[in-house]
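Me: I would like to learn how to read a few features of a model. Please take them one at a time.

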Amino acid sequence: MGAQRELKQALERHWRGELSPAELETQGQRLRVRHWELQRDHGLASVAVGDFAFYDQVANHIQLLGCEPARFGFSGDEPELARYFAMARGVAAAHAHDEACCCGAASPAAGQPALEMTKWFDTNYHYLVPEFDAQTRFRLNAGRLLAEVAEAQALGHEARPVLIGPLSFLWLGKAKAEGLDKLDLLDDLLPVYRELLVQLAAAGVQWVQVDEPILGLDLPGAWALAFERSYNALHNCGVSLLLATYFSPLEDHLSLACKLPVAGLHVDAVRAGHELQAVLDWLPPQRVLSIGIVDGRNIWRTDLDRAFALLRPALARRGGELWIAPSCSLLHVPVSLAHDAALDAELRSWLAGATEKLAELRVIQRALNEGETAVRAELFAARAAVASRAASPRVRRPAVGERLAQLPAHADRRASAFAQRQPLQRERLRLPPFPTTTIGSFPQTAEIRAARAAFKRGQLDQPAYEAAMQQEIALAVARQEALGLDVLVHGEAERNDMVEYFGEQLHGFAFTANGWVQSYGSRCVKPPVLFGDVARPQAMTVGWTTYAQSLTKKPMKGMLTGPITILQWSFVRDDQPRADTALQIALAMRDEAADLEAAGIAVIQIDEPAIREGLPLRRAQQPAYLKWAARAFRVSASGVADATQIHTHMCYSEFNDILPDIAAMDADVITIETSRSDMALLRGFGDFRYPNEIGPGVYDIHSPRVPTTAEMLRLLRKAAEVIPPEQLWVNPDCGLKTRGWPETEAALRHMVAAARELRVR
Ligand code: GLN
Ligand code: ZN
């Protein structure tokens, strides 16, 4: 995106019509030139080409391989960039309507939704999902890539095109036709890759990097088998192939990866350092081995001595021939942290953004080639930083460790089982059947954002800011009362972000001024840096929540973010297991819940929308993760009395495979996203006999469309067919912060009416 998110600004100006396609192209070229220079200045032997994308690298491949989905109805006369953004962002309809229009299957004239977006392996980067059907054919369209290769070469760089390999590309796409086996498309796809490699060879390219990260997944046998066939077909095209794997150990695919007919293999020695020995055993001596030694997924400075300990024996085994590299693409870390204005010098010295990681590679290379004396000063600085981080009192708070060590075994269990808690909560809350509630946030209006920005800039003082937020809270409470909702929320007006809000108040977190990473398209996130033991100096939400409660006799739901979500959406320390860090956050949240309870709050929601994201890529490692994740949640939720009702919220739509783990979290009430699946995923909860209460979302908050009472009633009755009615809650799919007030009030009015009608019936 550029160090100052230049691409974001350029893209958004282009979409607003303020920047022509040619000007956007120029901006893209400027970034490529700068990033290539950065690689050369740090002594890299070649520069990556083809990793630049105006939206997403997978989307680039859709055009490169000529498989734009037919549903967009392109004639082929549209400019390539226009087609690209049409796929990435969707095409507006000729008449006003939204995602859930009555027109049914859309024709091009009625607009087209964008390609689906989904997470790139276990990162927070979202790619655009290729769509395949029985008619899908591939055709090489290498103009853009070849132009970028030429661009790099003209600047004197050794260009190393980076491609997503054919099997990973197919795997990442979605079969849109019933019964289509994506693997059947391989025979049509391979010749296109072949032709591409031949053209790259003709352009003077020597090495092509082919990424096959799916080698780190549990693959069906047919997919694993297809590797040999594929790489036999791509062999002998006049270029040397570097097969790149990352994010996960190769395990049962290790020998396969080592014997494929390619010129070199890249492995992720940060995530799978324990496999390096086996790779050294299996990889034939004539192949190049590239070791991903600098962590591309996290922002910590490399412990160079640990790196040397891994690399020196490998170097000896390989007879002095070794490549070193970051473990994966540097897309997942900020461009640089060396001068970040929000961090102090000590903290900065512990971190490495992409640029600093390139410098680390150079130091490692020189130390290995020329001896440590050649880089004495750099090694000294690196060792000093690693030592200061290891010894810093900012990192270790003995009280936190002691508390964890003494945590009683029952700290992750409520005093009584749900069956005993439920009547106590009913007695206390006296809610009607099918109680109505919302997920937490209400519209973040322009006024709210302006007030927060002014407060952060120091233009609004604390009392004035608090008064402004209280006014918003009062407004939200009054509106909920008027709507007749049963369990109210304060609306989260004071929260910029559900993780940042807590991180800013907890010890152990730091925030960067410019540590942006791409989330999707032009969207970037700035994850907090979780560098030290987590402690809560004081209550974080009690003031706002009790103020809101003082305005109403209805129960006010306290609103917290769960330990796994905070963990998942931060750059997390790598000097202790993630499970331990999660437990520390859990303790802070447990104390917050206890404070809310002591202040008279009877319902507390602990959001865990990210729990599924933390699932390890390999199935064998998933149960252990689910176990500690559910435990961390329970630790946060179990410090309150039986009569206090704990809610949780999750908002993705595949639960069925982890239902026992969700049940093990033992929240009294869970609210989930279900409306888009037409309640289908609720069936899993029913079949599983999910024991606690459930609020299946009855309307999609991603659309401004106001659903009718009848629609929501239909969904609720469907829900009541699979879940015992006395267990059901009525609520939207997720928080409402991205919506406007008019549609929010209208939709909630219909939702309350639907609940009332259901009660009567
Ligand atoms: N309580 C949060 C909200 O309503 C939950 C957001 C989420 O699920 N991502 O905004
Ligand atoms: Zn949600």
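Me: Which strands does helix α11 lie across, and at what angle does it run to β10?

Reply: This is a predicted model, in which local features need pLDDT of at least 70, side-chain atom pairs count only at pLDDT 80 or more, and totals for chains, interfaces and linings use all residues. Residues are numbered from 1 along each chain as its sequence is written, chains are lettered from A and ligands numbered from 1 in the order in which they are written, and side-chain values use heavy atoms, with hydrogens and water left out. Axes are lines fitted to C-alpha atoms, for helices over the stretch in contact (heavy atoms within 4.5 Å), and angles run from 0 to 180 degrees between N-to-C directions. Helices (H or I, at least four residues) and strands (E, at least two) are DSSP runs, numbered from the N terminus. Here α11 (residues 304-317) lies across β10 and β11, at about 170° to β10.

Me: In what order do the strands of the open sheet come?

Reply: Strands of a sheet pair through backbone hydrogen bonds, either parallel or antiparallel. Two strands pair if DSSP finds at least two bridges between them. The order of the 7 strands is β1-β5-β7-β8-β9-β10-β11, with parallel pairing. β1 (47-49) and β11 (323-326) are at the edges with a single partner strand each, so one side of each has no neighbour in the sheet.

Me: How many bridges join β9 to β10?

Reply: Strand β9 (residues 264-268) and strand β10 (residues 288-294) run parallel and are joined by 5 bridges. H266 has S290 in β10 as its bridge partner.
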